[in-house]
Each structure stands twice: as structure tokens, then as C-alpha cells.
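Please look at the sequence and the 3D model below. The paragraphs that follow go through charged pairs, strands and the nonpolar core in turn.

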Amino acid sequence: MEVRTAGGAVMSGTIDMIAADRSVFWMIRNDGAGRTMLFAGDGVAVIKVPQREQAAA
């Protein structure tokens, strides 16, 4: 998924947890920055993107 903030920043990652009331969610970021909490009231847009296949080792 990609998340676009109201300020224009773009982060990509995987949703880790969504609060029961859907007010916040946590994502594990693809850029190695760890786990980030996002608040729905901050005006973020969540965009589903296709998963990339990993090359076999």
C-alpha cells in the first residue's frame, strides 16, 4: 500500500494493525524506517498497490 499525507509525503508498506474504530492504523514501512502509526484524522490517503513478486534465491 501507499500512504499519501496531507503534506504530500508518500510512504509505502504493509498494514500491520487497524484499530477497531478505524481511527488509527500501523504500517510496516518498505523503506526500513520501521513501524509507523497513522491517524485517519490527519487527512491521509491510502492507495492499494499490487505486490511485487520477489525473485527466487
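Asp31 and Arg29 form a salt bridge, with their closest N and O atoms 2.7 Å apart. A salt bridge here is a side-chain nitrogen of Lys or Arg within 4 Å of a carboxyl oxygen of Asp or Glu. Side chains of opposite charge can pair when their charged atoms come close. Asp31 counts as exposed, at 53% relative accessibility; exposed means over 50% relative accessible area, buried means under 20%, and partly exposed is in between (1.4 Å probe, protein chains only).

The model is predicted: local features need pLDDT of at least 70, side-chain atom pairs count only at pLDDT 80 or more, and totals for chains, interfaces and linings use all residues. Residues are numbered from 1 along each chain as its sequence is written, and side-chain values use heavy atoms, with hydrogens and water left out.

The protein chain has 0 helices and 5 strands. Helices (H or I, at least four residues) and strands (E, at least two) are DSSP runs, numbered from the N terminus. Read from that terminus, the elements follow the order β-β-β-β-β. Of the 57 residues in the protein chain, 19% are buried.

How many salt bridges does a search of the whole structure find? The search finds 3. One of them joins the side chains of Asp16 and Arg35, at 2.7 Å from N to O. Asp16 lies in strand E2 (residues 10-18) and Arg35 in strand E4 (residues 35-39), so this pair ties together parts that are 19 residues apart in sequence. Asp16 is partly exposed at 40% relative accessibility, and Arg35 is partly exposed with a relative accessible area of 43%. Arg35 also has a ring beside its charge: its charged end sits over the ring of Trp26, 4.2 Å from the ring centre. For this description, NZ of Lys or CZ of Arg must be within 6 Å of the ring centre and within 35 degrees of the ring normal.

Another salt bridge links Glu2 with Arg4, where the closest N and O atoms are 3.2 Å apart. Glu2 belongs to strand E1 (residues 2-4). Is Glu2 buried or partly exposed? Glu2 is partly exposed, with a relative accessible area of 22%, and Arg4 is partly exposed at 39%. Leaving out residues up to four places away in sequence, Glu2 touches Val10, Met11, Ser12, Ala45, Val46, Ile47 and Val49; contact means heavy atoms within 4.5 Å. The C-alpha atoms of Glu2 and Thr14 are 8.5 Å apart, and these two residues are 12 residues apart along the chain.

Now turn to the nonpolar side chains. In soluble globular proteins, nonpolar side chains tend to be buried together. The largest nonpolar core consists of 7 residues: Met1, Val3, Met11, Phe25, Met27, Leu38 and Val44. A nonpolar core is a set of buried Ala, Val, Leu, Ile, Met, Phe, Trp, Tyr and Cys residues joined through side-chain atoms within 4.5 Å. Apart from its neighbours within four places in sequence, Val44 is in contact with Val3, Arg4, Thr5, Phe25, Leu38 and Phe39.

Arg22 lies in the loop between E2 and strand E3 (24-29). Arg22 has a positive phi of about 65°, although it is not a glycine. Arg22 counts as exposed, at 61% relative accessibility.
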